Amino acid sequence: MSGSTASKKKGSKRPAKATPAATEEQCRNWYHQLCLLRRFEEKAAEAYSLGKIGGFCHLYIGQEAVGVGVMASLREDDYIVGSYREHGLALARGVPPRSIMAELYGKADGCSGGKGGSMHLFDADRNFLGGHGIVGGQIPLGTGMAFAAKYHGTDQVSVSFFGEAAANIGSFHESLNMAALWKLPAVYILENNGYGMGTAIARATASMDLFHRAYSYDMEAEAVDGQDVFAVKDAMERAVERARTKSEPTLLEMRTYRYVGHSMSDAAHGTYRTKDEVEEYRKRDPLVIMAAFMKKQGMTDDDGLKAIDDEVKTEVQDAMDYADQSPDPPLEALYTDVYAEGG
Amino acid sequence: MLTLTYRDALNEALREEMQRDDRVFLMGEEVAEYDGAYKVSRGLLKEFGPKRVVDTPIAELGFTGLGVGAAMVGLRPVIEVMTWNFALLAIDQIVNSAAKMRYMSGGQVGVPMVIRGPNGSALQLAAQHSQAFEAWYAHIPGLKVVMPATPADAKGLLKSAIRDDDPVVFMEGEMLYNLKGEVPEGDITVPIGAADVKRTGSDVTIVCHSKTVAQALKAADRLAEENISAEVVDLRTIRPMDTDTIFTSVSKTNRCVVAEEGWPFAGVGAQVVDYIQRNIFDELDAPVIRVTGADVPMPYNKRLEKEARVDPAKIVAAAKRVLYLE
Ligand SMILES: Cc1ncc(C[n+]2csc(CCOP(=O)(O)OP(=O)(O)O)c2C)c(N)n1
Ligand SMILES: [Mg+2]
């Protein structure tokens, strides 16, 4: 297959810099999305400290360019699964902020009827098939969706998101092997944010270039600058094309960083990483990178950017108001949706 | 009626359901070119081709999870586990993905799949290959657990399981594959969730499933020689359990023995006893007694293994105890 020596060498280069070719409208749209993902999570954090959101809550702050760039390359009928860190993925996929926030609040109007919560966002109409809470558990699921697409003879693509720590779990390896063996139209998005909870990648992983793992399965792979929407989209388009036209899988290692703690119960820094480290990575904030590009291209100015951000803030406030007003699910809901019939 | 082995009855069910619905595919280790580790899938590769009869790597977690994902988007996978001992590697996907998907998606995404294979001990396979896991899966809301004891039930229940819209754990008896029995011809299904009275009687009820059904029937023969009339209730489905049939029988006999191959602690029998004492306590003339496998890992030695197993003699003894005859 095409995972030849030449392309392996190409793959093992430093993260590729893409030459952006995008219209002003696209850029505004992506900047809008980046802001939406950021502001939504900031508000979710607020709501969490007010006790409106319970349980585990993992924010996407810092990783927004990955979700936005990947979703920008997909079709409406493609399949998506993610981990518990999936609020931003759902938003970028177009799941309405209202129904996501209502789900975080556990309300009846939430996208999973209040039964899933932060870690289990589902929107079947958009083929957004879950946040999943067991590390690596969604990787075989996404592989199965790719299997189904191929079985049905459609040209749908299935995308599985997971963290770098999930690349050490068996389901990752079993899935990649089967996807390569059976030539499935799957794209694996490894979001390498440097940490699995408090464990730095170097303390858990023998080989730091995680995308190389695909080569054991004769699968194409790339390392990508995950802070830059253009780089993400560029690599993703190659992977999607490979899946759609040749029915071959790809592993993309998105090099990114989370600016906040692992979950709401974890401080941004202090124990396992320093404030300086976080500050250093903040210099490559995906919102700042996109804003700088747009200004440089003369697409907008500071006022224009602020106008987008203000628009987003209104949208997020609206989502919170909606979630506040949505009722709890009725008590009878406890016993429904266990089985197809009879509850 | 046709006379078929349990193995061939399962094979017929697979073949007919694959003919009927092209969303159904079979996947597992050795299911295709090898014709199945226990030959349940014999001939299916030839008839349906490698797209629908898929040999997998030895990756239980991966291919079971792949099945769940495929089921989430419209296929109807039948995932064969070579034995349920190995499904421990897949239990995360069965419990955390398959069983939970409908609920945690608020009813949006179901998982219509069957996970099937042999359960329980065979002969001298020792500790890691001689385990009965039904109580584990029956514990999980969102799963159905089906365990046929006869060729007719094997065929009819597997057809129902494949048509079911929820994940079904379908446990075959490793020692039952060669069992012969009459099987109705044609497209006959057996409903999930319905127990079956395999022998009627009036003095004592023996509740059993899978391998213990034949043992209970033997025990009933021996009891009959002593003028004791035993009724044999085959659960057929562990979850959802058909309590009506149990209650009707025990209300008639007023005495009950529960026999299962698995271990005693928190076993299926414990659940049966709980249902009986909570619902028809006043019908009982004696405490319900359970007959189970010994509470140890299975030994290799033949004599010790025999001692660890349920057998008709142990069921007879238990029946006499609930009748206060021993
Ligand atoms: C199988 C399993 N083990 C442990 C956990 C607890 N846990 C939740 S997230 C996490 C770290 C995962 O890190 P990574 O895969 O890099 O994703 P990230 O959180 O960085 O997005 C751990 C250990 C779990 N949910 N599942
Ligand atoms: Mg991580």
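A: What follows goes from the contact to the sheets and then to the backbone. This is a predicted model, in which local features need pLDDT of at least 70 and side-chain atom pairs count only at pLDDT 80 or more, while totals for chains, interfaces and linings use all residues. Residues are numbered from 1 along each chain as its sequence is written, chains are lettered from A and ligands numbered from 1 in the order in which they are written, and side-chain values use heavy atoms, with hydrogens and water left out.

Start with the contact. Chain B brings 45 residues to it, and chain A brings 37 residues. Here contact means heavy atoms within 4.5 Å. About 3,200 Å² is buried between chain B and chain A. Carbon and sulfur atoms give 69% of that area. Buried area is the accessible area (1.4 Å probe) that two parts lose on being put together, summed over both. Three residues stand out on the chain B side: B:V73, B:Y103 and B:M104. They supply 22% of the area that chain B buries against chain A, more than any other three residues.

Next, the elements. Helices (H or I, at least four residues) and strands (E, at least two) are DSSP runs, numbered from the N terminus. Those of chain B that give two or more residues to the side touching chain A are β2 (24–28), β3 (53–55), α3 (60–72), α4 (91–98) and α5 (101–104). α3(B) gives the most, with ten residues. By class, this side of chain B has 21 nonpolar, twelve polar and twelve charged residues. Ala, Val, Leu, Ile, Met, Phe, Trp, Tyr, Cys and Pro count as nonpolar; Asp, Glu, Lys and Arg count as charged; the others, Gly among them, count as polar.

Across the interface of chain B and chain A, zero salt bridges are found. The rule asks for a side-chain nitrogen of Lys or Arg within 4 Å of a carboxyl oxygen of Asp or Glu.

Now the sheets. Two strands pair if DSSP finds at least two bridges between them. One open sheet of chain B has seven strands in the order β3-β2-β4-β5-β7-β6-β12, with mixed pairing. β3 and β12 (237–239) are its edge strands, each pairing on one side only. Inside the sheet, β4 (residues 76–80) and β5 (residues 114–119) of chain B run parallel and are joined by three bridges. B:I79 has B:I115 as its bridge partner in β5(B).

Another open sheet of chain B has five strands, ordered β9-β11-β10-β13-β14, again with mixed pairing. β9 (196–199) and β14 (289–291) of chain B each have a single partner strand, so one side of each is left without a neighbour in the sheet. β10 (residues 204–208) and β11 (residues 230–234) of chain B run parallel, joined by five bridges. In β11(B), B:V207 has B:V233 as its bridge partner.

Last, the backbone. Most residues other than glycine have a negative phi, and most peptide bonds are trans. The peptide bond from B:R239 to B:P240 is cis, with omega near -5°. B:P240 sits in the loop between β12 and α9 (243–253) of chain B. B:Q124 is not a glycine, yet has a positive phi of about 55°. B:Q124 lies in the loop between β5 and α6 (134–138) of chain B.
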